[in-house]
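Please examine the structure shown below.

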Amino acid sequence: MSAAAILCAAGAALVGLGAVLALATPAWRLALALQAAGMSAVGVSGAAVLFGAAHAVVGFRSSFAPAFGVDRLSGFFLVVLALIAVPATIYARDALRDVRQTRAVSGLSGAFCLALVGVVAARDVATFLGFWELMTLLPAAVILVVRHDEHARRDVFAYLAITHLGGIGVWASMLILAGHGALGGVPLHGGGLRALVAVAAIIGFGTKAGAMPLHSWLPRAHPLAPANVSALMSGVMIKLALYGLIRVLFTWDRPVPLWVGLTLLALGTLSSVGGVLYALFQHELKRLLAFHSIENVGIIVLGLGASLVFASLGRWQWSAIAFAAALLHTLNHAVFKALLFLGAGSFASVVGALELDRLGGLLRRMPWTGGAFAVGAMAIAGLPPLNGFASEWMTLQSLLHVALYGPFGVSLAGALATAALAATAALAVFCFVKVIGLVLLGAPRRPETADARETSAGMRGPLVFLAGLCVLLGAVPGLLVPTLAQLGPGTVALSRGATVALPGTGGLPTLALAVGLVLVVGGLWRAARGRRAAPSPAWACGQVIEPAMAWTSAGFTKPLRLFFEAVLRPTRELTVRVERGVVQEVAYEAEVPHLFDTLIYEPITHSALRGAAVVRRLQSGSLRTYLLYLLGLLALLLVLVQLGVLT
Amino acid sequence: MSAADTVAGLVQVVGGVAVAPLIPGVVQRVKARLQGRPGPSPWQPYRELRRLWRKSGVAPMPRTIVYELAPAVVVGSLVIALVMLPIGGRSPGWPVGNDAVALVGLLALGRFAITLAAWDTAGGFGLMGASRDLTFAVAVEAVLLLVLVLVALPGGNTDLVALSAQATRPAVWGEPAHWAAAFAFGLVVLAETGRQPVDNPDTHLELTMVHEGPLLEYAGRELAYLQWAAAARHWIMLVLATELFIPQPGPFAARLAVLAGSLPVWCVLLAVCETTQAKMRILRVPLFVGAGGAVCLLGLASWFAGGGS
């Protein structure tokens, strides 16, 4: 065994020890420290494999005998996992103090980390599927430990039901591949079979990744978990579904036909635009962030789709670039989404609830948490010079080049996806302007918010670390991109440096942009500040601004809601109570319903329940009826045999 | 670096910083003449900038560092964008590169900063403008990228210098895709510079403001920054219009002359548009700009119908 493999195994063992320690003894903070140490060891081993300094390569096997190994792609995902898990676990050491069942939650969090490592390191079908199921079940367990209310249990049930129904696709694709030995490198033959594997994988892994229209569980489940588990779920768990998709479509089932790439482009477009559009109309911070996970999964899927399309067109250089764009966005999204979920957890621990319209003014009261949160919000909005911009730029360039290189149909798909991603970026800016404005700026909107105090160093530190990562990955993604491009199909010679230099583009000199922006903005700021300034209230036509005049989330997004009225079908109800000709009370209620739930999921559940009701009539409970069924079955079989059907 | 590159660099910086305020000045003057008024001198924006630079500021309460930084971020992102522009098909190779998509990102950064400042003071009018501005941006960015797809089709490159080199061959002018892109870009220019029928830059009625709304609280040097930024946005969009869409073969000096000659023409066109068009309902703006996107898709189809030369 190589050094990297030993390190990875030792790290995993440490995480396991931490999980057991937390469950068995009261020393849960020590246990979490052990888990963090273990995860850092796993991350280091992953980095060693990714950058080629070490090899722990065990090939995939189609057998059922347990096997573990780490290749470069797994190494990358281990790095992503560790970069999120370590800060999240350290954060949990302080944050879990005021959660019910602290020990159980810390133990299960460790087990969840272990399951995530297991999915990435599994090298055979049985191990992969086993850890895959654990990865689905453990967060559900955490939520059920923390929350006991009816509402939460219903949402957990929806999560398990949808992911398991979709999960059939994962099992089907993996078992077909293993049955034909494709995991061991034997190419899969037969167009129909390969199409079946591709469709099953897209449905199965797509459900778990939260791609629209298979996403309905995600905004229900993610907000319920404690912040550190939410960070792992949104930051890593849904990415591991994409890891599975990459394995199937880029390695075992390749070369896939053009329509698979185009399907991914369509799914990515729907997820990115749909995700961000619904995020805009959410009123609860964690639910809003969950919808943004759908958006970002969409962006990653767009990158993967572009890569497959380029591969089908024989444009190998761009295939590799688009793949690198998808992986870079995977890493970036993991970092800023974990940052945002942990930040939301901090706000919740201080203020109590996360209704957007009831926060406000937290930047001045919690400068560290608020500042880090603002950096994360800028990064997820895809603004230069932070990391979200770099990967969205690469993805946009990939889609744009699909439009430039393809034949007409492909080109049209590329152009539409390009426009959709540009609109997504603009909508994300809209959404996070709203979030920063409502949460961090302005005046506090209720007393608890006004009394908010900065959190402990143990909770601030991980946030600041992740915010630093956002800046670093935004300044020098060019150091990482060439390595990521080697992991995908095709080859491209990219220079490693402070510029993301892609052929057919002007290049993105991230470091120069960052330095230039800081210098110019800093200089301009100095030139304007320090002058005499008269204090004054904000202008409201001479009125004093009262709290009742404060803008709300719904008010700010109203132009967009009106514009998309035909698509979103918002509902509003206005009740005016008039007594003796005088208006006494005006009640206004408005909502943007989640149409996927009302138009797709509800009819399906209803017909399933109706079907179950019909089937239930068969179950009378009377022994004679069952004997009659047996007799009937026997008669049917005899008839079939007589007819020669069953010979 | 050749002499031509040096000149291009000078025009980028000096033109962008010093000449930009003249553009809204000229538009105002021409517009006034068209409407039968004498109107202010074209140099009026400079006088206003000088006046504002000397005045003291206003500090609205409550506010944070976000409000104070916003004007600098808006101007800073535009300054970086200025040196990305090709001038006469050239750029001296600043370290920030010349990529078109990066330029779109910088414009988004400026919009982000100013709309966030509106939240910081929480004044109703600022937020009203901010929310409209961000709604328009959705259509603007999508259409801008489609325009970029079309102009990049012949050369397969999104570098602005390369684009201005190949999009300006006269042959490309016979291409319907190019006309479609030019039309859509015209709509984007109207929206991005805040001109009628999208927005009325002369309005004093807070309720109707879009781009002006978040500027209401600012005074002194910070307001000077923001007024310059509005002018710089005109400069960026109009220079791009010339560099990407006007056929101009010939040496660098001739191309500079074309640029110098086209800017007044664009100003007159903007003034005519402002005089003849009424401001449209806010909710129609995304559709108005989005129409440019539909035209772009038709242009894409025509490109392939024509064999994609």
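Strand β1(A) pairs with strand β1 (residues 57-61) of chain B in the parallel sense, over five bridges; two strands pair if DSSP finds at least two bridges between them. Opposite Ala533(A) stands Gly57(B) in β1(B). Helices (H or I, at least four residues) and strands (E, at least two) are DSSP runs, numbered from the N terminus. The model is a predicted one, in which local features need pLDDT of at least 70 and side-chain atom pairs count only at pLDDT 80 or more, while totals for chains, interfaces and linings use all residues. Residues are numbered from 1 along each chain as its sequence is written, and chains are lettered from A and ligands numbered from 1 in the order in which they are written.

The contact between the chains takes 66 residues from chain A and 75 residues from chain B, two residues being in contact if their C-beta atoms, placed from the backbone, lie within 7 Å. On the side of chain A that touches chain B, the largest share, 16 residues, comes from α16(A).

The largest nonpolar core has 361 residues, and those with the most contacts inside it are Leu116(A), Val429(A), Val143(B) and Val147(B). Such a core is a set of buried Ala, Val, Leu, Ile, Met, Phe, Trp, Tyr and Cys residues joined through C-beta atoms within 7 Å. A residue is buried if 20 or more other C-beta atoms lie within 10 Å of its own, exposed if 12 or fewer, and partly exposed in between, with C-beta atoms placed from the backbone. To this core α16(A) gives the most, with 23 residues. Not counting residues up to four places away in sequence, Val429(A) touches Ala381(A), Leu383(A), Ala108(B), Arg111(B), Phe112(B) and Leu134(B).

Helix α14 (residues 367-380) of chain A is largely enclosed by the rest of the structure, because 11 of its 14 residues are buried. Among the elements that cover these buried residues are α11 (285-313), α12 (316-351) and α16 of chain A. Just after α14(A), Gly382(A) takes a positive phi of about 70 degrees. The loop between α14 and α15 of chain A holds Pro385(A), and the peptide bond from Pro384(A) to Pro385(A) is cis, with omega near 5 degrees.

Arg580(A), in the loop between β2 and β3 (582-591) of chain A, has a positive phi of about 50 degrees although it is not a glycine. Arg580(A) is exposed, with 5 other C-beta atoms within 10 Å.
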